[in-house]
Amino acid sequence: MSLSSANRPCDRNHFKRCLNRLEQDVLRMGALVENSFRLGHQALFYQNLEAVQEITSVEKRIDRYYRHIEIECASLLTLQSPVAQDLRLVSAFMQLIRDLERIGDYAEDLTEISVKLFAYPPHPCIPEIEEMSHHAQAMLASSLASLADLDATAGQAVKVLDDKVDNAYDKLYQTLAFQRDITGVVEPIVLLVLAIRHIERMADHATNIGQRVTYIVTGHRS
């Protein structure tokens, strides 16, 4: 079959079905990543051991989706010769799943941090860090909703929450890094600095997803 045959109606319909399946797989991967973020949140702020144990299996499923989608995207690009918005969609998916995979990795890192923090009393900054985490989770949910609806406006709106996360990170970093009244070991301070950095990076990746949706719909990078 020649590459140009993808333009025939039957091949075009097949391509569209493949594209629809691919989009559903990306959204399923996104749902798993949302769950991994929630598990990381539960472990870090509520010392939930079940969340710590569960996240490993969730991460394995995320990684399987990542590899599968990457292969499917490459196949569509090389065998089907997509054009215009379809090409943007497939190429954006390849980048978008990297953002999702990284968020999942950071969520797993948060559970590892939480286990190390179990031995220490809660830091006074914990409520502020939890609020920061809630904002980052809302960003991810909004970005995935914009992807499901191919809504460029919703994707751009994620930036508003990103500013809140960035401001929280700056404030918390200053509080933790320059804390003077530390008694005992400094490990919990170091761990919390790592935690807020991970959450800030998760928010950045959620922003990337929203921007990629804008690119899919409009052809322009916001």
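Q: Which residues form a nonpolar patch on the surface, and with about how much accessible area together?
A: This is a predicted model. Its nonpolar patch consists of Ile182, Val186, Val190 and Leu194. Together they have about 300 Å² of accessible area.

Q: Where is Val186 found, and why does it count as partly exposed?
A: Val186 sits in the loop between α5 (152-177) and α6 (187-218). Val186 has 47% relative accessibility, so it counts as partly exposed.

Q: Which residues form a positive surface patch?
A: Lys60, Arg61, Arg64 and Arg67 form it. Take Arg67 as a case: this residue lies in helix α2 (residues 49-79). Its relative accessibility is 48%, so Arg67 counts as partly exposed.

Q: How many salt bridges does the structure hold?
A: First the general idea. Side chains of opposite charge can pair when their charged atoms come close. The structure holds seven salt bridges.

Q: What is the distance between the closest N and O atoms of Lys16 and Asp86?
A: They are 3.0 Å apart, in a salt bridge. Lys16 belongs to helix α1 (residues 9-46) and Asp86 to helix α3 (residues 84-117), so the pair ties together parts that are 70 residues apart in sequence.

Q: Is Asp86 buried or exposed?
A: Asp86 is buried, at 7% relative accessible area.

Q: Which side chain meets Arg28 in a salt bridge?
A: That of Asp25, at 3.0 Å from N to O. Arg28 and Asp25 are three residues apart in helix α1, so about one helical turn separates them. Arg28 is partly exposed, with a relative accessible area of 42%. Asp25 is buried, with 13%.

Q: Which residue forms a salt bridge with Asp105?
A: Arg102 does, with the closest N and O atoms 2.8 Å apart. Asp105 and Arg102 are three residues apart in helix α3, and about one helical turn separates them. Asp105 counts as buried, at 18% relative accessibility. Arg102 is partly exposed, with a relative accessible area of 30%.

Q: Leaving aside neighbours within four places in sequence, which residues are in contact with Gln137?
A: With those neighbours left out, the contacts of Gln137 are Phe37, Arg38 and His41. Gln137 itself has its place in helix α4 (residues 126-149).

Q: Why does Gln137 count as buried?
A: The cut-off for buried is under 20% relative accessible area. Gln137 has 17% relative accessibility, so it counts as buried.

Key
Residues are numbered from 1 along each chain as its sequence is written. This is a predicted model: local features need pLDDT of at least 70, side-chain atom pairs count only at pLDDT 80 or more; totals for chains, interfaces and linings use all residues. Side-chain values use heavy atoms; hydrogens and water are left out. Patches are made of residues with over 30% relative accessible area and no salt bridge: like charges are joined within 9 Å, nonpolar side chains (Val, Leu, Ile, Met, Phe, Trp, Tyr) within 5 Å. Accessible areas come from the Shrake-Rupley method with a 1.4 Å probe; for residues, only the protein chains shown count as cover. A salt bridge is a side-chain nitrogen of Lys or Arg within 4 Å of a carboxyl oxygen of Asp or Glu. Lys and Arg count as positive and Asp and Glu as negative; His and the chain ends are not counted. The place of a charge is taken as NZ of Lys, CZ of Arg, CG of Asp or CD of Glu. Helices (H or I, at least four residues) and strands (E, at least two) are DSSP runs, numbered from the N terminus. Buried means under 20% relative accessible area, exposed over 50%, partly exposed in between (1.4 Å probe, protein chains only). Contact means heavy atoms within 4.5 Å.
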